[in-house]
Structure formats: structure tokens, C-alpha cells
Amino acid sequence: MDTYSVMREFADSWMLLFLTLFFVGVIVWALRPGSTSVHRDSANIPFRHDDKPAGAEDDGATCRKEART
């Protein structure tokens, strides 16, 4: 049996099973009950500084400091 046939057989059986279980695991992990607040917080990132631009504090030094780092 040559290498191609062995790899093809492995990919058709065990790797398909592994990738299917990995996919289901990722979906279950993303939709777990405790992750609601994390997803909500991530979804609201663009709206955190809705009333003023980010870094528009008193003296503006924060903007320059953040730009250098």
C-alpha cells in the first residue's frame, strides 16, 4: 500500500470524524450560556465612545501617548 492510499483512507475516516467533532465543539463553546455577556461586550465595542471620540480627554496627552506605544 502506498503513502497516498494510507493518507486518503485516514482522511476519509478518522480525520472527518475529528473535524466534525471539532466543529461541533467550537459551536457549543461559542453558544454556551456563560458567554452571553462576553459576546454582548464584544458587539458593543464600536459604540463605546459614541458621544465623543476615543481619547478626547482633558488635555489630549493620552492620544499622543497611545500613538507612541
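**Figure 1. The stretch from residue 14 to residue 31.** A helix here is a DSSP run of H or I spanning at least four residues, and a strand is a run of E spanning at least two. The model shown is predicted. Over residues 14-31 the chain is 94% helix and 0% strand. An unreviewed UniProt entry lists residues 14-31 as "transmembrane region". That label comes from the record, and such annotations may be inferred rather than shown by experiment.

Figure 2. The protein has 3 helices and 0 strands. Along the sequence the pattern reads α-α-α. Helix H1 covers residues 3-30, and helix H3 covers residues 61-68. Of the 69 residues, 4% count as buried. The accessible surface comes to about 6,500 Å². Carbon and sulfur atoms account for 65% of that surface.

**Figure 3. Confidence along the model.** The protein averages a pLDDT of 80. A score of at least 70 is reached by 75% of the residues. Among the elements, H1 has the highest mean pLDDT, at 91. Helix H3 has the lowest, at 54.

Figure 4. A search of the whole structure finds 1 aromatic pair. The ring centres of Phe-18 and Phe-22 are 6.4 Å apart, and their planes meet at 25 degrees, so the pair is stacked. The cut-offs behind this are centres within 6.5 Å and planes under 30 degrees apart. Phe-18 and Phe-22 are 4 residues apart in helix H1, so about one helical turn separates them. Is Phe-22 buried or exposed? Phe-22 has a relative accessible area of 52% and is therefore exposed, the threshold being over 50%.

**Figure 5. A nonpolar surface patch around Phe-23.** Which residues make this patch? They are Phe-23, Val-24, Ile-27, Val-28 and Leu-31. The patch area is about 520 Å². Phe-23 sits in helix H1. Its relative accessible area is 56%, so Phe-23 counts as exposed.

Figure 6. In the one shown here, the closest N and O atoms of Arg-8 and Asp-12 are 3.1 Å apart. The cut-off for such a contact is within 4 Å. Both residues lie in helix H1. They are 4 residues apart, about one turn of the helix. Arg-8 is partly exposed, with a relative accessible area of 45%. Asp-12 is also partly exposed, at 47%.

**Figure 7. A salt bridge between Asp-41 and Arg-48.** The side chains of Asp-41 and Arg-48 meet in a salt bridge. The N to O distance is 2.9 Å. How exposed is Asp-41? At 42% relative accessibility, Asp-41 counts as partly exposed. Arg-48 has a relative accessibility of 47% and is partly exposed as well. Partly exposed covers the range between the buried limit of under 20% and the exposed limit of over 50%.

Definitions and conventions: Residues are numbered from 1 along each chain as its sequence is written. Side-chain values use heavy atoms; hydrogens and water are left out. Rings of Phe, Tyr and Trp (its six-membered ring) pair if their centres lie within 6.5 Å; planes under 30 degrees apart count as stacked, over 60 as edge-to-face and the rest as tilted. Buried means under 20% relative accessible area, exposed over 50%, partly exposed in between (1.4 Å probe, protein chains only). Patches are made of residues with over 30% relative accessible area and no salt bridge: like charges are joined within 9 Å, nonpolar side chains (Val, Leu, Ile, Met, Phe, Trp, Tyr) within 5 Å. Accessible areas come from the Shrake-Rupley method with a 1.4 Å probe; for residues, only the protein chains shown count as cover. pLDDT is the predictor's confidence in each residue, from 0 to 100.
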